[in-house]
Amino acid sequence: MEPQNVTSVSEFLLRGLSEDPALQPLLFGLFLTMYLVTIFGNLLIMLAVGSDSRLHTPMYFFLFNLSLADIGFTSTTVPKMLVNIQTQSKSITYAGCLAQVSFYSIFGCMDSLLLTVMAYDRFVAICHPLHYTVIMKPGLCGLLVLISTFFSFLESQLHILMVSQLTFCMSLEISQFFCDPPQLLNIACSDTSTSTVLLYCIGAFFGGVPVSGILFSYIRIISSILRVPSSDGKYKAFSTCGSHLSVVCLFYGTGLGVYLSSVVLSSSKKGSVATVMYTVVTPMLNPFIYSLRNSGIKKALWKLLGRRTS
């Protein structure tokens, strides 16, 4: 039977990670645990930064916003997946799908741009330490976060514009656990050439510019550190950006894995596993990376937990 155009799409079907009924309780428990750890870990980082006056600096201000973006990023996809597993349903409404596309784009782009802003902060701190307080004023920090939010919103609107122009057929099954824009292009029955070009342009601009900024910052940082005569000075300089560099590698490494899996791998299940690493595992690990590698965060957390238990 030939697929017919649908003039009014009411819902999509999300295939999820597995259709095996025996695996559903395991998947539900696993993702519920990871989601709760993500929320709890990032909230702890935010509480630690907010409650300790010693952490009221640009670096921790950006970290606070990064944790907030991570909570939003994982909350866009995981709760709906958990509801679908629990209710044994695969459906998501058309409006709900558009909302997922919008918020997924906003918080994903926010993560990328905030990591770029944090790289600039580390660049100023290491390469221009005497001018750090003059350059990184509270007004500039707030403006950088505001600009990141604006461009994240702009990217989400471009994705919504792209998806809203698509015409879908009777086959409305998405090979993912959330409404991923490339997957929506795959199931569209209208001409997607313009949308595909737009998608690649969005990815090239909103992905390429932040990566270029981070690379430029770290090239300058490494060059500056190598000129430090003492090994203790080099270690101290590296330690100030070690946590951020670890998060950058994790975020962009898993993001690159998602892209390569969509291009190289023919199995949608393997692509879904790569997407889980990017959308669920990375936001969960970020608080651990910062708390384990950052003495200021560790002291603030111990102080915060001690205050709660006393």
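Tutor: Start with a cut-off: a residue counts as buried when its relative accessible area is under 20%, and as exposed when that area is over 50%. Keep in mind that the model is predicted.

Student: How many of the 18 residues of H2 are buried?
Tutor: Helix H2 covers residues 58-75 and has 18 residues. Helix H2 is largely enclosed by the rest of the structure, because the number of its residues that are buried is 14.

Student: What distance does H2 reach from its first C-alpha to its last?
Tutor: At 1.5 Å a residue, 26 Å is expected for the 18 residues of H2. The model comes close to that expected value, with a reach of 26 Å.

Student: How many of the 34 residues of H4 are buried?
Tutor: Helix H4 runs over residues 94-127. From first C-alpha to last, H4 reaches 49 Å, close to the 50 Å expected at 1.5 Å a residue. H4 is largely enclosed by the rest of the structure, since its buried residues number 26.

Student: At what angle do H4 and H6 pack?
Tutor: Two packed helices are described by the angle between their axes and the distance between the axes. Helix H6 spans residues 138-164, and its axis is 8 Å apart from that of H4. H4 passes H6 in a right-handed crossing. The packing angle is about 145°.

Student: Which residue does a disulfide join to Cys97?
Tutor: Two cysteine sulfur atoms have to lie within 2.5 Å to count as a disulfide. The structure holds 1 disulfide. Its S to S distance is 2.1 Å, and the partner of Cys97 is Cys179.

Student: How many residues apart in sequence are the parts that the pair ties together?
Tutor: Cys97 lies in helix H4, while Cys179 is in the loop between strand S3 (173-174) and helix H7 (181-187). The pair therefore ties together parts whose separation in sequence is 82 residues.

Student: Is the link of Cys97 and Cys179 left-handed or right-handed?
Tutor: The angle about the S-S bond is -125°. Cys97 is buried at a relative accessible area of 1%, and Cys179 is buried at 0%. With that angle, the link is left-handed.

Student: Why is the sulfur of Cys241 too far for a bond, and which cysteine sulfur is closest?
Tutor: Cys241 is buried, with a relative accessible area of 2%. A disulfide requires sulfur atoms within 2.5 Å. The sulfur of Cys241 is too far for a bond because 9.6 Å separates it from the closest cysteine sulfur, which is in Cys127.

Student: Is Cys249 buried or exposed?
Tutor: The closest cysteine sulfur to that of Cys249 is in Cys241, at 11 Å, too far for a bond. The relative accessibility of Cys249 is 51%. Exposed means over 50%, so Cys249 counts as exposed.

Student: Where is Gln88 placed?
Tutor: Phi of Gln88 is near 55°, a positive value in a residue other than glycine. Gln88 counts as exposed, at 76% relative accessibility. Its place is in the loop between helix H3 (78-87) and strand S2 (91-93).

Student: What percentage of residues 26-47 is helix?
Tutor: UniProt, in an unreviewed entry, places the feature "transmembrane region" at several spans, including residues 26-47 and 59-78. The end C-alpha atoms of residues 26-47 lie 31 Å apart. The span is 0% strand, and its helix content is 100%.

Student: What percentage of residues 59-78 is helix?
Tutor: The end C-alpha atoms of residues 59-78 lie 29 Å apart.

Student: What distance separates the C-alpha atoms of Pro25 and Gln86?
Tutor: Pro25 lies in helix H1 (residues 24-51) and is exposed, with a relative accessible area of 57%. Pro25 and Gln86 are 61 residues apart along the chain, and their C-alpha atoms are separated by 8.2 Å.

Key
Residues numbered from 1 in each chain as written. Predicted model: local features only at pLDDT ≥ 70, side-chain atom pairs only at ≥ 80, totals over all residues. Heavy atoms only, no water. Helix = DSSP H or I, 4+ residues; strand = E, 2+ residues; numbered from the N terminus. Buried < 20%, exposed > 50% of the residue type's maximum accessible area, 1.4 Å probe, protein only. Axes fitted to C-alpha atoms, helices over the stretch in contact; angles between N-to-C directions. Left-handed = near helix turned anticlockwise from the far one by under 90°. UniProt positions renumbered as here; feature names shortened; annotations may be inferred. Expected span 1.5 Å × (residues − 1).
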